[in-house]
Amino acid sequence: MAYALARNGIKILFDPPVKDGGQPVDKYLFSWSTHGNFSISNSVSVDASSMDVLYPGDTLIYDLILENPSIIPGIPHFVRVQAVNIIGSSKAADTDAIIPSGPPNAPKKVLLTTLSVDDLPMTETTVEWKIPEGVGSDGGDNIDGYLIKWWSGRKSPEIQVVKLQYSSPLSETAFSLSMSPSPQVKKETSLLPWDAPADLVRRAIINLGWDEIDDQNIVQDVEVSRSSLTNGFAWSITFGNNPGRDTNDGDQVLFTGNIVENG
């Protein structure tokens, strides 16, 4: 049996011969072709000791993976296997036709054009490319689309969301937020009421780590907004949205919430 393993690979499963002809089988010869009569073919000889075994004394497995284009995606391939010992080769055992497939080749000659001067804001650009060409360039199936990615130098602020939800009415419940930017440093805000407004949470976060003698200055600036939930509140904390300043940009350590229940 043979299965498509990748665009350039075929998985071959076969049973070893019942009789070895009086000498141990030390190799297997794998041949493949796009012609059913093998008038044009390629082959590779593999040591029997290197075969993967599905079950001891039973089915053997070989992954035929090639870097050169002798396996062409999208085209039927025929595979045959021969056992080899010091005397010679056995008759060939053929598999059914298999069609390798996989991802297509990359597009070529990508060109990006846009206006350099305009009275209006420039919000569009044109991307052109040459589609993959050649036999098997589509990976063995029709290309049904293209994925276009782009990168911007603009900052993308990190946003963390802190939620406080309850199953019964709250009165005196309070919470605090802590952050540990390093194993040696962990700072915690003062206690905040369970329904704290956004500006109070922001002020507590900015003061995180402040000390008259040793000010850690963990967070320089954040934006905080509060939204209502069915049974509580959510505070969205935006880091690094500071034009011309790199403080608190990039990945941030997560805040940890601590609850003090109704007193």
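Rings of Phe, Tyr and Trp (its six-membered ring) are taken to pair if their centres lie within 6.5 Å, with planes under 30 degrees apart counted as stacked, over 60 as edge-to-face and the rest as tilted. By this criterion, nine aromatic pairs are found in a search of the whole structure. One of them joins Phe239 and Phe255, which are stacked at 5.9 Å centre to centre with 25 degrees between the planes. Phe239 belongs to strand S16 (residues 232–239) and Phe255 to the loop between S16 and strand S17 (256–260), so the pair ties together parts that are 16 residues apart in sequence. Strands (E, at least two residues) and helices (H or I, at least four) are DSSP runs numbered from the N terminus. The structure is a predicted model, in which local features need pLDDT of at least 70 and side-chain atom pairs count only at pLDDT 80 or more, while totals for chains, interfaces and linings use all residues. Residues are numbered from 1 along each chain as its sequence is written, and side-chain values use heavy atoms, with hydrogens and water left out.

Burial was assigned from relative accessible area (buried under 20%, exposed over 50%, partly exposed in between; 1.4 Å probe, protein chains only). Phe239, at 1% relative accessibility, counts as buried, and Phe255 counts as buried at 11%. Elsewhere, ring pairs link Tyr166, Phe175, Trp194, Phe233 and Trp235 into a cluster.

Phe38 is placed in the loop between strand S3 (27–33) and S4. Its relative accessible area of 11% makes Phe38 buried. Arg80 lies over the face of the Phe38 ring, at 3.9 Å from the ring centre; the criterion is that NZ of Lys or CZ of Arg is within 6 Å of the ring centre and within 35 degrees of the ring normal. Most residues other than glycine have a negative phi. Phe38, however, has a positive phi near 55 degrees. A positive phi, of about 50 degrees, also occurs at Lys109, a residue of strand S9. Lys109 is exposed, with a relative accessible area of 69%.

Strands are paired if DSSP finds at least two bridges between them. An open sheet of four strands has the order S4-S3-S7-S8, with antiparallel pairing. Strand S4 (42–47) and strand S8 (93–94) stand at the edges, each with a single partner strand, so one side of each is left without a neighbour in the sheet. Two bridges join strand S7 (residues 78–84) to S8, and Val81 stands opposite Ala93 in S8.

Strand S9 (residues 108–113) is hardly covered, the count of buried residues among its six residues being zero. Four bridges join S9 to strand S10 (residues 126–130) in an antiparallel arrangement, with Leu111 opposite Glu128 in S10. Strand S12 (residues 174–182) runs antiparallel to strand S13 (residues 185–188), to which three bridges join it. A hairpin connects S12 to S13 through two residues, and Ser178 stands opposite Glu188 in S13.

The largest pocket holds about 220 Å³ of space. A pocket is an open set of points on a 1 Å grid over the protein atoms alone, where a 1.4 Å probe fits, with protein on both sides within 12 Å along at least five of seven lines; lining residues have an atom within 4 Å of a point. Points are joined across faces, edges and corners, and the volume is the space filled by probe spheres set on them. The lining residues of the largest pocket include Pro107, Val110, Trp129 and Lys149. By class, eight residues of this lining are nonpolar, one is polar and one is charged, where Ala, Val, Leu, Ile, Met, Phe, Trp, Tyr, Cys and Pro count as nonpolar, Asp, Glu, Lys and Arg as charged, and the others, Gly among them, as polar.
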